[in-house]
Every structure is written in C-alpha cells, then in structure tokens.
Amino acid sequence: MVNTLVFVDLPTPDIEASTAFYKELFGWEINGRPQGVFHEILPGDGPTLGLWSEREQVPDPAPRAPQPRSGFQPRTYILVDGPPGEYLNRAVILGATALWEQSYWEEFDGHHASFLDPWGNQIVMWWRPAGR
C-alpha cells in the first residue's frame with residue numbers, strides 16, 4: 001500500500017528516562033538503535049514508535065538546537081487493553097500531567113483519556129470494551 005504511515009518518533013531530552021517511563025507504563029519492549037540516541041519501541045505488531053534524543057537528532061543530517069515547545073502538539077493514540085483511566089493514573093504517578101480523564105466518545109464508540117508525558121508529548125489512550 002502506498003503512502004502508509006510507517007513510524008512516529010517522540011522527541012525527548014532524556015531518552016533513558018523516557019524509555020523507563022514507557023516500559024513501566026505500557027510494558028513495551030524498547031531497543032536502543034543505537035542505545036541512548038534513538039530507541040525503537042515495539043508495542044506489539046512491530047516497530048511503529050520511536051524515541052529520539054533532542055541532542056543527537058538521528059537520522060537528521062543537519063541537527064538544530066532544541067526549541068521550547070508551545071501551543072498544540074500532535075496526539076499519539078495508543079490502543080490499550082483496559083480502561084484508559086487506569087493507565088492515566090499510572091502515567092501521573094510516573095510523572096505525566098493528566099489532560100483529561102477517561103470519557104466515552106460516542107462517534108467512535110470507545111473510551112479515551114490523555115496525558116502529557118514528562119517531556120511534553122501528548123498521548124491519548126484508546127479502549128473499546130470486548131463485545132462492542
């Protein structure tokens with residue numbers, strides 16, 4: 001299939017701390033490629049997410065100085081295996097900032113909750129109970 005989204009990378013000034021956060025929260029396998037510079041996240045069906053160091057900026061051939069974030073950020077949706085509110089509570093304990101509590105989105109028949117990770121990336125957890 002042409003023009004398919006392949007991968008999303010989340011920037012971080014502390015790739016090791018980000019790796020620990022996402023391993024603890026979602027139980028993901030995360031591989032350094034290379035360690036401390038770019039980390040490949042394997043959330044299930046193969047690599048679809050990554051973490052990249054704002055200092056090294058691999059694979060950018062012309063890295064720029066990191067800029068402070070402001071305004072809206074892209075939302076990364078994660079399909080979770082239980083109520084998003086439970087994941088949100090764990091994320092907050094790990095240092096995230098809650099953006100909204102679990103709520104039902106009728107248009108898409110599912111539940112969602114959202115947080116900003118400690119490095120400013122917005123994550124939305126999505127869940128549809130079995131049998132729906």
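**Close-up views of a predicted model**

**View 1. Glu 54 sits in the loop between strand S4 (49–53) and strand S5 (75–79).** The model shown here is predicted. Is Glu 54 buried or exposed? Glu 54 has a relative accessible area of 17%; buried means under 20%, so Glu 54 counts as buried. Which residues does Glu 54 contact, leaving aside its neighbours within four places in sequence? They are Pro 11, Thr 12, Pro 13, Pro 66 and Arg 69.

**View 2. Strands S5, S8, S7 and S6 form an open sheet, in that order.** The pairing of these four strands is mixed. S5 and strand S6 (97–105) stand at the edges. Each has a single partner strand, so one side of each is left without a neighbour in the sheet. On average, neighbouring strands of this sheet are turned by 20° against each other, direction ignored.

**View 3. Strand S7 (residues 110–116) pairs with strand S8 (residues 122–127) in the antiparallel sense.** Six bridges join S7 and S8.

**View 4. Residues 4–128 carry the UniProt annotation "domain: VOC".** The annotation comes from an unreviewed entry. The end C-alpha atoms of residues 4–128 lie 24 Å apart. This span is 18% helix and 37% strand.

Note on methods: Residues numbered from 1 in each chain as written. Predicted model: local features only at pLDDT ≥ 70, side-chain atom pairs only at ≥ 80, totals over all residues. Heavy atoms only, no water. Helix = DSSP H or I, 4+ residues; strand = E, 2+ residues; numbered from the N terminus. Buried < 20%, exposed > 50% of the residue type's maximum accessible area, 1.4 Å probe, protein only. Contact = heavy atoms within 4.5 Å. UniProt positions renumbered as here; feature names shortened; annotations may be inferred. Pairing = 2+ DSSP bridges. Axes fitted to C-alpha atoms, helices over the stretch in contact; angles between N-to-C directions.
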